[in-house]
Amino acid sequence: MKVLFLREMDQSGRDILRKNGIEVLVSHGKSEADFIRDLRETQVEGILCRTGKVTPAMIDASENLRVIAKHGVGLDNIDLDYATKRGIQVVYAPTGNSNSVAEHALFLMLACARRFRYVDEIFRGGDFNVRYTLHNTFELQGMTLGLLGCGRIGQLLAKKAAYGLGMKVIGYDPFLSQEKLKAPIQLKTKAEVLREADFVSLHMPSTPQTRGSIAAGDFRLMKPTASFINVARGDVVVENDLIAALQGGEILGAGLDVYDGEPIGPEHPLLNLPQVVATPHTAATTEQAVKRCCMTAAQGIVEVLTGEEISFPANHLKVPLRVAL
C-alpha cells in the first residue's frame with residue numbers, strides 16, 4: 001500500500017505509516033495538474049494533505065484511492081461531498097492543533113491591546129519615546145472576550161482568558177447549549193456578543209453557510225475601542241468590510257492570521273494599516289501541533305487501510321469504499 005503526501009510532512013507521520021507497512025511517496029508538484037499526474041502514476045491508496053486542495057479530478061486520478069487524510073482541522077480544501085460520493089473515507093486531526101491556535105488567538109489579543117505593530121515600527125525607526133505618546137492600550141484583566149463559535153478552540157481560549165487573565169468571556173454558538181459547555185463562557189446572541197465584547201474572536205469553520213457571514217453590519221455593532229481577531233478562516237469575513245471598519249474607526253484594531261484568498265502580498269491593504277497585527281497563517285505551526293496533526297492524520301490512514309475503527313472520520317460513508325461512477 002502507498003500514500004502520497006502532497007507536500008513534505010513531519011517525520012512522525014512517515015514513521016507511523018512505514019511501521020504499518022505503508023510506503024510513503026512525496027509529491028513535489030505545485031498545481032492540480034502536477035498532483036493528478038503523480039496520482040495517476042503512483043495509483044496510491046491514500047492522500048495526506050495539509051492546505052493544498054484535493055479536487056474531484058485528483059480523487060479520480062488513482063483507482064486505488066481509499067482514504068484522504070487532512071493534516072489539521074479545516075476541511076474546506078477537500079471536496080468532501082465528492083469524496084463521500086465516491087466512497088472515499090476522509091479523516092482529519094481535530095485535536096492536533098487546538099491548543100496552538102488558541103494560544104495564537106491570545107497572542108494576537110495581547111498584541112492588539114498593546115498596539116504592538118505600531119509600537120514596533122516606530123521604535124525600530126528610532127523613536128524610543130513612542131511610549132509617551134500611546135493611547136488606547138489596555139490590560140486584558142477585567143475586559144470582555146466575545147467568541148463567535150464556541151467549539152474546541154473557542155473553549156480552550158476561554159479557559160486561558162478567564163483563568164489566566166481574569167477576563168469575562170461571552171460567546172455565540174447556535175449549535176451549543178449552556179449545559180454542554182465545558183468552559184467559562186456565557187452564551188448570548190450574536191448581536192449581544194458583538195456589542196459587549198472588547199475583543200471579538202472568530203472560531204467558525206468555512207462552510208457555505210458561514211462564508212461572508214461576518215460583514216459591515218457586524219462591525220458596526222462592535223465598540224469603537226474593540227479589536228477583531230481571526231485565526232479561523234479568512235473567507236468567513238467580508239474582507240473589504242473589515243478594511244472599511246478599520247479605516248473608518250468603527251473598530252480599533254484587528255489581529256489576523258487568515259485572509260480571503262491566500263497567500264496575500266505586501267501590497268494588501270490589511271498589511272498597510274498600523275492598527276492591524278498580521279501573521280501568515282501560522283497559528284497551527286508550532287512544533288508540537290505539527291507533530292500531533294501529522295501523527296493523527298497518519299494514524300487515520302492506517303485505521304482505514306487496515307480496517308480498524310476510525311478515530312476521527314470527517315465523513316460518514318453510506319456506500320462501500322471506492323464506488324465506480
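Visitor: Why is Phe219 called buried?

Guide: Buried means under 20% relative accessible area, exposed means over 50%, and partly exposed lies in between (1.4 Å probe, protein chains only). Phe219 has 1%, so Phe219 is buried.

Visitor: What kind of model is this, and how are its residues numbered?

Guide: This is a predicted model: local features need pLDDT of at least 70, side-chain atom pairs count only at pLDDT 80 or more, and totals for chains, interfaces and linings use all residues. Residues are numbered from 1 along each chain as its sequence is written, and side-chain values use heavy atoms, with hydrogens and water left out.

Visitor: How many aromatic pairs does a search of the whole structure find?

Guide: The search finds 2. One of them is Phe123 with Phe128.

Visitor: What makes Phe123 and Phe128 an edge-to-face pair?

Guide: Rings of Phe, Tyr and Trp (its six-membered ring) pair if their centres lie within 6.5 Å; planes under 30 degrees apart are stacked, over 60 edge-to-face, and the rest tilted. Here the centres are 5.8 Å apart and the planes make 75°. So the pair counts as edge-to-face.

Visitor: Why do Phe123 and Phe128 get separate accessibility labels?

Guide: Phe123 has 44% relative accessibility, so Phe123 is partly exposed. Phe128 has 52%, so Phe128 is exposed.

Visitor: Why is the pair of Phe219 and Phe228 called edge-to-face?

Guide: Their centres are 5.4 Å apart, and the planes make 85°. Phe228 is buried, at 1% relative accessible area.

Visitor: How do you know that a charge sits over the ring of Tyr118?

Guide: The test asks for NZ of Lys or CZ of Arg within 6 Å of the ring centre and within 35 degrees of the ring normal. The charged end of Arg115 sits over this ring, 4.5 Å from its centre.

Visitor: What makes E10 and E11 a pair of strands?

Guide: Strands (E, at least two residues) and helices (H or I, at least four) are DSSP runs, numbered from the N terminus. Two strands pair if DSSP finds at least two bridges between them. E10 (residues 227-230) and E11 have 4, in the parallel sense. Phe228 stands opposite Ala254 in E11.

Visitor: Which residues of helix H10 are buried, and why are they placed on the same side?

Guide: They are Glu239, Leu242, Ile243, Ala245 and Leu246. They cover an arc of only 160° around the axis, so they lie on the same side of H10. The arc is that of the directions from the helix axis to the C-beta atoms.
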